[in-house]
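Work through the exercises below with the sequence and the model side by side. Each task is followed by a solution in steps.

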Amino acid sequence: MRLYDSATREVRDFVPREPGRVGIYLCGATVQGAPHIGHVRSAIAFDILVRWLNRNGLDVTLVRNITDIDDKILNKSAEADVPWWAWAHRFEREFNRAYEMLGVAPPTYEPRATGHVTEMVELIEMLVERGHAYVGDAGSVYFDVRSWGKYGELTRQLLENLSTVEEEASDKRDPRDFALWKATKSSDPDGASWPTPWGRGRPGWHVECSAMAHKYLGETFDIHGGGIDLRFPHHENEQAQSRAAGWGFTNLWMHNAWVTVGGEKMSKSLGNSLTVDAVLEHGEAVVLRYALGAVHYRSTLEFSNTSLDESGAAWERISGFVQRAVELVGALTREEVAGTDVPAAFAAAMDDDLNVSAALAVVHEHVTAGNTALAAQDRAQVRTAQAQVRTMLDVLGIDPLAQPWVGGRAADGAAEQALGVLVQAVLAERVQARAEKDWARADALRERLTAAGIVVEDSPGGARWSVKGGTSGR
C-alpha cells in the first residue's frame with residue numbers, strides 16, 4: 001500500500017511501525033457550530049482508510065479528538081447567552097449524529113480537550129524545562145519558535161518568511177511564537193479555566209492534539225490526518241512542540257482537500273456553508289456520502305446539485321443491482337461478504353493512495369456484469385457478482401444491505417410494512433386488470449403509483465416496485 005505523505009510531498013510505501021497494527025490521529029471538530037459537508041468529507045475519507053486497512057487484516061486504533069473549548073466557542077456561546085460547555089455539547093452531539101447518518105464508524109477513542117488538561121500541563125512543563133517555551137508577563141505560556149531550528153519543516157516555510165498568525169501579545173518574545181497556555185481574561189466565563197503553576201487559564205489550540213496523541217498512541221505513531229487547511233499553523237505547531245518534547249510524533253501526514261462551492265472554499269465567512277442537515281433535506285445520506293467519497297481525497301471537490309444528482313444516479317444503479325440480485329438468489333450474510341476477496345483491480349486502486357474514483361469504476365464494471373447475469377437468469381453468476389460488489393461497497397462504507405443504509409428512507413419497520421401492503425394491493429388490481437385486458441385501468445393504476453413516487457418495473461418474475469430513492473419490494 002502506498003500513501004501520499006504531505007511532509008515529504010511524495011507517495012511512499014506504507015509500512016506500519018508495529019506489524020499488524022496501525023495508529024492514526026485525526027483532527028476532529030471544533031464544536032462551535034453545526035457540521036457542514038466540508039467537515040464530514042474529512043471523516044468519510046479517513047473512514048474509508050480505516051475500512052481498507054481493516055480489510056487487509058490490520059488492527060487500527062483511530063483517535064479523533066473534539067475541541068470543546070476555544071475562543072470561538074466562548075464568543076459564540078456568550079452571544080447566544082448559553083453556557084460555553086452547553087454550547088459545545090450541543091454541537092458535539094450534532095457532529096456525532098452527522099457521522100452516524102453518513103455511515104462513519106465511531107473512532108476507537110474520541111477524547112475531549114477539556115478532559116486532558118493534566119496531560120497538556122505536563123507537556124508544557126516539559127517544553128519550559130527544555131528551553132522551548134517561556135512564561136509571559138500575564139501567566140500565558142508561549143512556544144519559542146526560534147528555539148526549534150526545524151520549525152516550518154512540515155509546510156517547507158522559512159521562519160523569516162512567516163508572519164504572525166495569532167493575536168498580538170506584548171509579552172511575546174517573537175510575534176510568531178504561539179500560545180501553549182492562555183491566561184484567564186476578565187471576559188472569560190466561569191469554569192473556562194484551570195489552575196496551573198503559571199496561574200489560572202485554558203489551553204491553546206495546538207497543544208491539545210499533541211497531548212492527546214501522545215496519551216492514546218504513544219511517542220510515535222503511524223499517521224496523522226486532517227483537512228489541508230490545518231497544515232499551517234495547526235499541524236506545523238503540533239509537530240514542532242511534539243518533537244521539541246523529544247517525541248517522534250507521526251511517521252506520515254495525510255491531508256484531505258477542500259470542498260468548494262462555486263469555486264470558493266466552503267467557509268462561514270463566505271456565506272456558502274452547507275450544513276449536513278440542510279443538504280439531507282433534499283437527498284439521501286448515502287448519496288451524500290457517495291458524492292463526498294467518490295472524488296480522490298487529495299482533490300478539491302466542487303459540490304453542486306449536479307454533482308449530487310450524478311451521485312444519486314450512480315447509487316440507484318448500484319443499489320438497484322443489489323436489490324435485484326437479492327430477489328433472485330437471496331441476500332448474502334455479512335460473514336459471506338466479509339469472506340469474499342475484493343477484485344484485484346479494486347485492491348490495486350485502493351493501494352494506490354486510496355484512489356476511490358478508480359475503485360468505483362471497478363464496482364460499476366462488476367455491476368454491469370451482474371446485470372448481464374441477471375438478464376440470463378444465471379443464478380450462480382448473480383450470486384458471485386453480489387458477493388464481489390458488496391465486498392467492495394463494504395470497504396467504501398456504502399453496502400446497501402448494511403447499517404445504516406438497509407431499509408433506505410423507510411427505516412421505520414412499521415411504516416415500510418404498511419407501504420408494502422398498500423402498494424401490493426394496487427399492483428394486485430393491476431394484475432387483474434391486465435388479465436382482463438383492461439389496459440386503460442392497468443395504466444391508470446400504474447400512473448396512480450407513479451404520482452405517489454412509486455416506480456414500477458415489469459419483469460419476467462412479476463412487477464417490482466420502489467420508492468424513488470428509497471425502499472423496494474416485489
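The model is predicted. Leaving aside neighbours within four places in sequence, Cys 209 is in contact with Tyr 25, Cys 27, Asn 65, His 234 and Glu 238.

**Exercise 1. The annotated binding site**

Task: Find which residues the UniProt annotation "binding site" covers, and state why they gather at one spot.

Solution: 
- Step 1. The annotation comes from an unreviewed UniProt entry and covers Cys 27, Cys 209, His 234 and Glu 238.
- Step 2. These residues span 212 residues in sequence, yet no two of their C-alpha atoms are more than 11.0 Å apart, so they gather at one spot.
- Step 3. Cys 209 is found in helix α5, residues 205-217. With a relative accessibility of 1%, Cys 209 counts as buried, because the cut-off for buried is under 20%.
- Step 4. Glu 238 has its place in helix α6, residues 231-244. Its relative accessibility is 0%, so Glu 238 counts as buried too.
- Step 5. Leaving aside neighbours within four places in sequence, the contacts of Glu 238 are Cys 27, His 206, Cys 209, Ser 210, His 224 and Phe 249.

**Exercise 2. Aromatic rings**

Task: Count the aromatic pairs, and classify the pair of Phe 95 and Tyr 99 by the angle between the planes.

Solution: 
- Step 1. The count comes to 9 aromatic pairs.
- Step 2. For Phe 95 and Tyr 99 the centres are 6.1 Å apart and the planes are at 55 degrees. This pair is tilted, because planes under 30 degrees apart count as stacked, over 60 as edge-to-face and the rest as tilted.
- Step 3. Phe 95 and Tyr 99 are 4 residues apart in helix α3 (residues 84-101), so about one helical turn separates them.
- Step 4. An α-helix has 3.6 residues a turn, so residues three or four places apart point the same way.
- Step 5. Phe 95 and Tyr 99 are both buried.

Task: Determine which parts of the chain the pair of Trp 181 and Trp 198 ties together.

Solution: 
- Step 1. The ring centres of Trp 181 and Trp 198 are 6.4 Å apart with the planes at 55 degrees, so this pair is tilted.
- Step 2. Trp 181 lies in strand β7 (residues 178-183), while Trp 198 lies in the loop between β7 and β8 (201-203), so the pair ties together parts 17 residues apart in sequence.
- Step 3. Trp 181 is buried at 0% relative accessibility, and Trp 198 is buried with a relative accessible area of 16%.

Task: Locate the aromatic cluster that includes Phe 221, and find which residue lies over the face of Trp 87.

Solution: 
- Step 1. Phe 221, Phe 249 and Trp 253 form one cluster.
- Step 2. Over the face of Trp 87 lies Arg 90, at 5.5 Å from the ring centre.
- Step 3. Lys 215 lies over the face of Tyr 216, at 5.8 Å from the ring centre.

**Exercise 3. The span of a helix**

Solution: 
- Step 4. Gly 330 follows α9 and has a positive phi, near 85 degrees.

**Exercise 4. Salt bridges**

Task: Count the salt bridges, and describe those of Arg 2 with Asp 13, Asp 188 with Arg 202 and Asp 394 with Arg 334.

Solution: 
- Step 1. There are 25 salt bridges by the count.
- Step 2. In the bridge of Arg 2 with Asp 13, the closest N and O atoms are 2.7 Å apart. Arg 2 is in strand β1 (residues 2-5) and Asp 13 in strand β2 (residues 10-13), 11 residues apart.
- Step 3. Arg 2 is partly exposed, at 38% relative accessible area, whereas Asp 13 is exposed, at 51%.
- Step 4. Asp 188 and Arg 202 have their closest N and O atoms 3.8 Å apart. Asp 188 lies in the loop between β7 and β8 and Arg 202 in strand β8, so the pair ties together parts 14 residues apart in sequence. Both residues are buried.
- Step 5. For Asp 394 and Arg 334 the closest N and O atoms are 3.0 Å apart. Asp 394 lies in helix α13 (residues 379-396) and Arg 334 in helix α10 (residues 334-338), so parts 60 residues apart in sequence are tied together.
- Step 6. Salt bridges that share partners join Arg 55, Arg 334, Arg 390, Asp 394 and Asp 399 into one network.

Terms used. Residues numbered from 1 in each chain as written. Predicted model: local features only at pLDDT ≥ 70, side-chain atom pairs only at ≥ 80, totals over all residues. Heavy atoms only, no water. Phe/Tyr/Trp six-rings, centres within 6.5 Å; stacked < 30°, edge-to-face > 60°. Helix = DSSP H or I, 4+ residues; strand = E, 2+ residues; numbered from the N terminus. Buried < 20%, exposed > 50% of the residue type's maximum accessible area, 1.4 Å probe, protein only. Lys NZ or Arg CZ within 6 Å of the ring centre and 35° of its normal. UniProt positions renumbered as here; feature names shortened; annotations may be inferred. Contact = heavy atoms within 4.5 Å. Salt bridge = Lys/Arg side-chain N within 4 Å of Asp/Glu carboxyl O.
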